[in-house]
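Subject: The two-chain model, with notes

Hi there,

Here is the structure I promised to pass on. Please open it alongside this email, and my notes follow below.

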Amino acid sequence: MDLEMNLNAPHSMGTTIIGVTYNGGVVLGADSRTSTGMYVANRASDKITQLTDNVYVCRSGSAADSQIVSDYVRYFLHQHTIQLGQSATSKVAANLIRLLSYNNKTMLETGLIVGGWDKYEGGKIYAIPLGGTLIEQPFAIGGSGSSYLYGFFDQAWKEGMTKDEAEQLVVKAVSLAIARDGASGGVVRTVIINSEGVARNFYPGDKLQLWHEELEPQNSLLDLLNSS
Amino acid sequence: MSKSVIETPPKGGFSFDLCKRNEMLAKKGVNPPSFRKTGTTIVGLIFQDGVILGADTRATEGPIVCDKNCEKIHYMAPNIYCCGAGTAADTEAVTDMVSSQLQLHRYHTGRESRVVTALTLLKRHLFNYQGYVSAALVLGGVDVTGPHLHTIYPHGSTDTLPFATMGSGSLAAMAVFESNYREGLTRDEGIKLVTEAICSGIFNDLGSGSNVDICVITKGGKEYLRNHLQPNPRTYTSSKGYSFPKKTEVLLTKITPLKEKVEIIEGGDVMEE
């Protein structure tokens, strides 16, 4: 087995990212694993980044590329908000991301899901995958772990869910992807955006529901450490 | 039909023109000269009063140790220090450059530098060079907003963490941190943990070795503990000692006055524009 690890390999966020609209807003969810080759460089990263008070973006793909793109868009949106005189809409944010992604498609490797709430359109989710397409959807999934969720969402997604139903759906989906995808793991983070504002939630990895063939932790190091 | 060509000035930034050629040569077996790398174990952690950074002191040139006691903890600002892993020239150059930029910024704003400023300057520079500036950094400091610790990767991505390790010995050091780190460590506990982590890198990683350097940064100030621990002293020294001649030996003295060899022309033409 080749154990050689290039610790200076570009950071990629293996990732599972999800964005879901519900009756009154959106819920964004993501795992927290950033990998460099086979090593987990950050087991508690925050992949849901703020663009404005009411628009957030889930990042996947190359960590450097997605951080830079979201930094530029945050800067442009800040200027836009000042010039416009009111908060930016999620459509404008998604468009700015799309322009950067499409016009630099040969150099960037990043898949993003923009989610936000504004007074004109309510809660909206926009997916901007690798080539720079912009597509508005009632729910979107991305990242390497999303491959395992297409069937799940086809069956479980319903129009007009409540806030709690939507959040439970997102947590369940990320948890299922973490169980099957090696490049996703850690904790589940969710961000709920609606007319009242933004709420962040955190679900530690060992508190998630166990799936098929997953065992209860036995002689876990965490228990040994906590008891001492 | 003639085609008019408008000359555009070359765009700034790195020229990637020779990269394909270099790749092709490497495949044919022509390798570029190896450069000095700091194999390295570098770590940082946040404790109750601030940040502690630690590093080993071995610099390697391929399989050879070229510097047994180099300094990997670089000064960025009076309240910010940065450990560097990767190509030694790159880490030195990039930390020096950002340190100067921070000082100019301090003069401009009249305020103490913030860690996020250093972070943004570093990550923008590294991203612009698309990973070719091979510098992996652990940046730590205390500013008005509190203690901060960040890791910066050669491609420009950053992470903000309570404890971090980088370099070839990062796995060994991370194992120590993951088992023993907790929030609210005291200064002595923090130094002890950082020393253990670096020692773990020194003894288990071939690219790291020699001594342990520590830097403790708190709101009150900083303490740079150079060679805080020296677990690898020279074990064999000759009892007779080594003697070297005190000055250069003079073998021959020959003086040739040049005036005889060269024609000196007085005067001449005045220089005209």
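Some ground rules before the rest. This is a predicted model, in which local features need pLDDT of at least 70 and side-chain atom pairs count only at pLDDT 80 or more, while totals for chains, interfaces and linings use all residues. Residues are numbered from 1 along each chain as its sequence is written, chains are lettered from A and ligands numbered from 1 in the order in which they are written, and side-chain values use heavy atoms, with hydrogens and water left out.

Chain B overall

Chain B has 5 helices and 13 strands (DSSP runs numbered from the N terminus, with H or I of at least four residues for helices and E of at least two for strands). The radius of gyration of chain B is 25 Å, well over the 19 Å that the globule rule gives for 273 residues, so chain B is more spread out than a compact globule. That radius is taken over C-alpha atoms, and the globule rule is 2.2 Å times the number of residues to the power 0.38. Along the principal axes, the C-alpha trace of chain B spans about 80 × 80 × 50 Å.

Of the 273 residues in chain B, 42% are buried (buried is under 20% relative accessible area, exposed is over 50%, and partly exposed is in between, with a 1.4 Å probe and protein chains only). Among contacts in chain B between residues at least 6 apart in sequence, 62% join residues at least 24 apart; a contact means heavy atoms within 4.5 Å. Chain B carries 29 positive and 29 negative charges, whose mean positions are 4 Å apart. Lys and Arg count as positive and Asp and Glu as negative, with His and the chain ends not counted, and each charge is placed at NZ of Lys, CZ of Arg, CG of Asp or CD of Glu.

Places to look in chain B

B:Thr40 sits in the loop between strand 1 (37–38) and strand 2 (42–47) of chain B. B:Thr40 is buried, with a relative accessible area of 0%. Beyond its neighbours within four places in sequence, B:Thr40 has contacts that include B:Asp56, B:Lys72, B:Met166, B:Asp205 and B:Ser208.

Strand 6 (residues 73–77) of chain B has 4 of its 5 residues buried, so it is largely enclosed by the rest of the structure. Strand 6 and strand 7 (residues 80–87) of chain B run antiparallel and are joined by 4 bridges (two strands pair if DSSP finds at least two bridges between them). These two strands form a hairpin with 2 residues between them, and B:Ile73 stands opposite B:Cys83 in strand 7.

Two residues have a positive phi although neither is a glycine: B:Gln130 at about 50 degrees and B:Asn227 at about 55 degrees. B:Gln130 is in the loop between helix 3 (115–128) and strand 8 (135–143) of chain B, and is partly exposed at 30% relative accessible area. B:Asn227 lies in strand 13 (residues 222–229) of chain B and counts as buried at 19% relative accessibility.

Chain A

The secondary structure of chain A comes to 5 helices and 13 strands. The radius of gyration of chain A is 18 Å, close to the 17 Å that the globule rule gives for 228 residues, so chain A is as compact as a globular protein of that length. Buried residues make up 50% of the 228 residues in chain A. Chain A exposes about 11600 Å², with 52% of it from carbon and sulfur atoms.

In a regular strand the side chains alternate between the two faces of the sheet. In strand 11 (residues 139–142) of chain A, A:Phe139 and A:Ile141 point one way, A:Ala140 and A:Gly142 point the other way, and all are buried. Strand 11 runs antiparallel to strand 2 (residues 17–22) of chain A, with 4 bridges joining them, and A:Ile18 stands opposite A:Ile141.

A:Ile125 lies in strand 9 (residues 122–128) of chain A and counts as buried at 0% relative accessibility.

Happy browsing!

Terms used
Accessible areas come from the Shrake-Rupley method with a 1.4 Å probe; for residues, only the protein chains shown count as cover.
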